[in-house]
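Please read the points below beside the sequence and the structure. They are set out in the order in which I would go through them.

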4 protein chains.
Amino acid sequence: MGLSYLVYPGAHHTRFHHALGCMHLMQNAVRVLRFKGVSISSEEEDALCIAILLHDIGHGPFSHAMEHSIVNEVNHESISLMFMEKINEEFNGSLTLAIQIFKGEYDRQFLHQLISGQLDMDRLDYLKRDSFYTGVAEGNINSERLITMLNVVDDELVVEEKGIYSVEKFLLARRLMYWQVYLHKTSLVAESLLIRVLKRAKELVDRGVHLNASKALRFFLENKITADNFTIEVLETFSKLDDYDIVSAMKEWTTSEDFVLRSLCNMIIDRDLLKIKIKKKKFGEAKIRKRIDEFKGKYEISEEEARYFVFTGTISNQAYHQNKQNINILYKSSKIVDIVSATDQFNLKALSKPVTKYFICYPKHID
Amino acid sequence: MGLSYLVYPGAHHTRFHHALGCMHLMQNAVRVLRFKGVSISSEEEDALCIAILLHDIGHGPFSHAMEHSIVNEVNHESISLMFMEKINEEFNGSLTLAIQIFKGEYDRQFLHQLISGQLDMDRLDYLKRDSFYTGVAEGNINSERLITMLNVVDDELVVEEKGIYSVEKFLLARRLMYWQVYLHKTSLVAESLLIRVLKRAKELVDRGVHLNASKALRFFLENKITADNFTIEVLETFSKLDDYDIVSAMKEWTTSEDFVLRSLCNMIIDRDLLKIKIKKKKFGEAKIRKRIDEFKGKYEISEEEARYFVFTGTISNQAYHQNKQNINILYKSSKIVDIVSATDQFNLKALSKPVTKYFICYPKHID
Amino acid sequence: MGLSYLVYPGAHHTRFHHALGCMHLMQNAVRVLRFKGVSISSEEEDALCIAILLHDIGHGPFSHAMEHSIVNEVNHESISLMFMEKINEEFNGSLTLAIQIFKGEYDRQFLHQLISGQLDMDRLDYLKRDSFYTGVAEGNINSERLITMLNVVDDELVVEEKGIYSVEKFLLARRLMYWQVYLHKTSLVAESLLIRVLKRAKELVDRGVHLNASKALRFFLENKITADNFTIEVLETFSKLDDYDIVSAMKEWTTSEDFVLRSLCNMIIDRDLLKIKIKKKKFGEAKIRKRIDEFKGKYEISEEEARYFVFTGTISNQAYHQNKQNINILYKSSKIVDIVSATDQFNLKALSKPVTKYFICYPKHID
Amino acid sequence: MGLSYLVYPGAHHTRFHHALGCMHLMQNAVRVLRFKGVSISSEEEDALCIAILLHDIGHGPFSHAMEHSIVNEVNHESISLMFMEKINEEFNGSLTLAIQIFKGEYDRQFLHQLISGQLDMDRLDYLKRDSFYTGVAEGNINSERLITMLNVVDDELVVEEKGIYSVEKFLLARRLMYWQVYLHKTSLVAESLLIRVLKRAKELVDRGVHLNASKALRFFLENKITADNFTIEVLETFSKLDDYDIVSAMKEWTTSEDFVLRSLCNMIIDRDLLKIKIKKKKFGEAKIRKRIDEFKGKYEISEEEARYFVFTGTISNQAYHQNKQNINILYKSSKIVDIVSATDQFNLKALSKPVTKYFICYPKHID
């Protein structure tokens, strides 16, 4: 949830909670499917549990912010995989099947879909959990019932007809959580600032400025890490990074000599963020220009520095990707139909179109 | 919830619970509106509480079934009103304001909207309560937040912009609860049977057959009560009717000499109901004919009697009536917009169209 | 919960809910015990589920009241057993093992203890359920954790050391629920009145007075049923009795010509009960005498009739019976100790002493 | 909750949550008391809310550990007071009444008791909250009902008779939470280690060793802060300290050159703690001696260093202090009685006796 607790103070749950929750749901899913006659061996069950337990292990602290600043070319799935392979070595190959399922290379596809798909245990856990801890009750989903409605036909995960409304509800809850929580405008500002803090820090370090930071964080500030040089040693250092490193660094940098770094850090630490406006259309260049100029003038800083405080961006959200991974509904008549066609009245097609919005951020006092 | 407990065994909550819940929500709504500067006098507050506490008092046992059988021309609102007026007499006029608000005759319309409107306390309570007791978690709504988002502009109840998603959620939850709970096919059969039990009993009594029943129920079986002769004495008798009268009578009638009455009662009491099929199109006359003939032949009964067991009907559901009572969204810019126009992406228009479905019921063994 | 809803309006849950809940807990208990290496065959598991599902089937409506009035010599366990045996016949002996376990005649005693013992699934369900529905949160217990702490040593159910506090909590919650809910003074009055309604009705019927009642109830009013003549036909009729029969009868009897019956029924139906006083000492005979005389005088009724309205009684509660069935704590050292000795500080011995209180009931207006 | 999340992974709630919760309960308490006729002015209400909101502001990170290591002579109440006085200056005296109530210097004592007493809002919030987040359901209390039962007699907070069982439950839950959560043996080890980490760090800094740490933490390591020199500047620095400073420092110190510091930090960070044994009697000196000698021998360290890893201590818990601040029960007869005398059967006296236990910690591999 990154910095969401700045908006929803209850949102202090951890990735560890999520991993345990996913595994719990996976055990239920296995029980339900077996009960319906789908054979799942105990090796497959173990592999599913391992894979879901570790599926997010590659997420660093404030993962999305980091991916856009200091490890920007390496996605978390591939890091998760590196971790699993490292652990597999230590455990003499007992994670091999889990890794195959995780990568989608095992010949029973529905097992992979339980890990990563439109209705995977990951989503069933995080939507419910995030809804609970933020208090955004509208995002609550009925994970238990969705799991009870699962079945497998021709090696594909399907949802039985009786679960249609629960699937609709799930898709709508997901959309709602995106707009109301994950893309909440204040979180958006906070995350944008955090990305800029890390970018600026990296820039300063590149210029030879000394910045207090933990050993692990310093490594990533001092080195340009890409997918190509993400060695096992880098992984080791990466594994030591957590929220404490990032937040402590920001706290120290609130007294940095650099105006940009100091100001950005203070904004986050004191929760005194930039203003943000969100619209359905792009912001005109003139408006942006005017705000940059004002800010530059006021603080006598460069164009490049001002752009740390005045910037635009887009957010988009698509609740359902019909062409990627479908949610298939299994009728009593054995017919299988995509959820979008299965719901008669309700325009789920609308949810398949991505919605894009535009935002601009700028300092409060130059509004 | 009538006979819904035959489907959802947890659904044993009572109208008394609902009335208390509504009053609780009303107190919250008054607090919220006052906090926002809407003046509500303490007399108005009391009147609101009284009106919402009594708004459903005119519902008899298995209300919808009764309205379609033994008191079929009298709606429950007008009976509620009769009760309120009777109580008003006993309490020397202290319900006068409550009655005005209830009838929509008081000059501040938003007070009436809190009692009866698209977002009244009645709905905010029953959706949440029924969702909870049935376990249909998808129908849960965030009553608390909806109330917190209420405001009044030009004597109209509005919802502040931040509450848009909660309103969407509310409309969808309502639609879902209709299809999944209130119009659940098994409840539908049970209710249809109950209507026929009461109609048949009335018919038999008209013919002079003696049927065991409580005094109150016997009164309604023996007399043709319409809006015209619903006197204060009828009201008195009506007030004595509750679920115990209806269910006890059905239990006694399971051994009636009349084939129709006996069979219908046994179906409900033993939860061994008719089959039901639901489609988007009308059922062809030939199909119905065939089933009636089969059943007639099997039990040597008349056409009229067979039609108690083989019948068709329609159900329909419209989550939002745009032209009757709107849900208005208040933007920060002070603009007020109907919810259907206010939500950009999501096709709420679909929810404004009534959806009609057709059903046929018939005995299991003649399928 | 009998008439507890007169005190706790939420208490409308049913015996069916309880039976389902018990079975759910039983399934968890079997899973936990198996996980700890206790072997339970699938036949034994089925038998446990059947036995717990049916353990209360012999309870009639307002069971305790009925046992003290119209079927006063027959306890509900023996009726449950009759039902099980009848069903066993119909199911060709597939309940035989369940019955053995239920009766304690199967050679693995711990299976019986799961059905009926200090920590059986029955108690683990009803305490939690009744606490939830009454809203008496103090009576809530942690059934899940208690079950997780169960183990079996030498064919005896034991609780692992880590569960000591949960057991303490369970015993205290049980005591609290007794005083605050099951023996709540208003419920006590209502139940005492109900017993007297049924006794009086039986008396009147004995004298030849006609009373409206359902067929099933009339059977029990007209016949003296004891353990000796509780035949399979009686069982059949008994199975038709439920709350509807009793409450409907009381509603009809509110207009009885008999002063006693009519008054008692009205008190319950209008929830306008007798006064009650509870003390730690017996009430003096003079006080009782005085109230009887006053009431006799006021209504010109006989001594015997007056005693329906003025009466005394005792209630008692013992949270823990050390000598009957112990709760044994299993230490890590493998030592097994009774819970009373196992808790060091806290005086559980006090809970082993039965506490008796005395009450008197009498009409309000003669106070 | 300090390091409790090492035992109860859900325990990630914050002091901010607690402060908000307390204020919420305070608002309820004010409403209840006013409803019962206790006059509380709106100034007093504001002051109560301010005081409870800030009552814990003086707690540093891992407060108890810090009080026993780096700010060991300054208790958190006096720091809270310093903060309030500082804020009072900034807000031109608008906290004056809150401070008087907090210090117990305002002439209406019951207001102080709501902030700090046997049944204050602090306890009513933290017991419920900690029970919820740890999942130790047995510690749950019915805060709402306790507040509803509050009243004021002769300027003393009392609990009405009907609330006796809720008070009993509260005292027992408190005792249970102490043994099962706050004094859980694993938390105890973790906290003992943390105290030693900070002590050792201070020692090393005293000797001139450089240790990476945040500016704020370094200040407290480099200076000996006591109540005497806790100036406003110290307060300013203290306010910058949070969990991030402490945990980040420990992470950095896991690679310290000092064997003691490094080992202690690794134990906490890797959750690979010391063993602990708890007994009702003191541990014999010989046993301790033997373990120290073994450990000294194994790692060739000094007696003083070894004592960082082998040490003893005591824990004690007293659920109810009868002589300090009573919980008074108000009978309907207007009599007021201490809860210990008010509960008849149940030996609450036992809860008034402090219970002391002894523990020893030592490294696993020298067991």
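In which crossing, left-handed or right-handed, does helix 10 of chain B pass helix 14 of chain B? The points below begin with that pair. This is a predicted model, in which local features need pLDDT of at least 70 and side-chain atom pairs count only at pLDDT 80 or more, whereas totals for chains, interfaces and linings use all residues. Residues are numbered from 1 along each chain as its sequence is written, chains are lettered from A and ligands numbered from 1 in the order in which they are written, and side-chain values use heavy atoms, with hydrogens and water left out.

1. Helix 10 of chain B passes helix 14 of chain B in a left-handed crossing (the near helix is turned anticlockwise from the far one by less than a right angle). Helices here are DSSP runs of H or I with at least four residues, and strands are runs of E with at least two, both numbered from the N terminus. The contact (heavy atoms within 4.5 Å) is made by residues that include B:Leu193, B:Val197 and B:Leu204 of helix 10 of chain B and B:Leu261, B:Leu264 and B:Ile268 of helix 14 of chain B.

2. Helix 5 of chain B, residues 96-103, has B:Leu97, B:Ala98, B:Ile99, B:Ile101 and B:Phe102 buried (under 20% relative accessible area, while exposed means over 50% and partly exposed in between, with a 1.4 Å probe and protein chains only). Among the elements that cover these buried residues are helix 2 (42-54), helix 4 (76-90) and helix 6 (109-115) of chain B. After helix 5 of chain B comes B:Gly104, which has a positive phi, near 80°.

3. B:Glu300, with a positive phi of about 50°, sits in the loop between helix 15 (285-299) and helix 16 (303-306) of chain B, and is exposed at 73% relative accessibility. D:Phe62, with a positive phi of about 45°, belongs to the loop between helix 2 (42-54) and helix 3 (63-67) of chain D, and is buried, at a relative accessible area of 10%.

4. C:Ile327 lies in the loop between strand 4 (311-317) and strand 5 (328-330) of chain C, and is buried, with a relative accessible area of 2%. Leaving aside residues up to four places away in sequence, C:Ile327 touches, among others, C:Leu119, C:Val159, C:Phe170 and C:Ile339.
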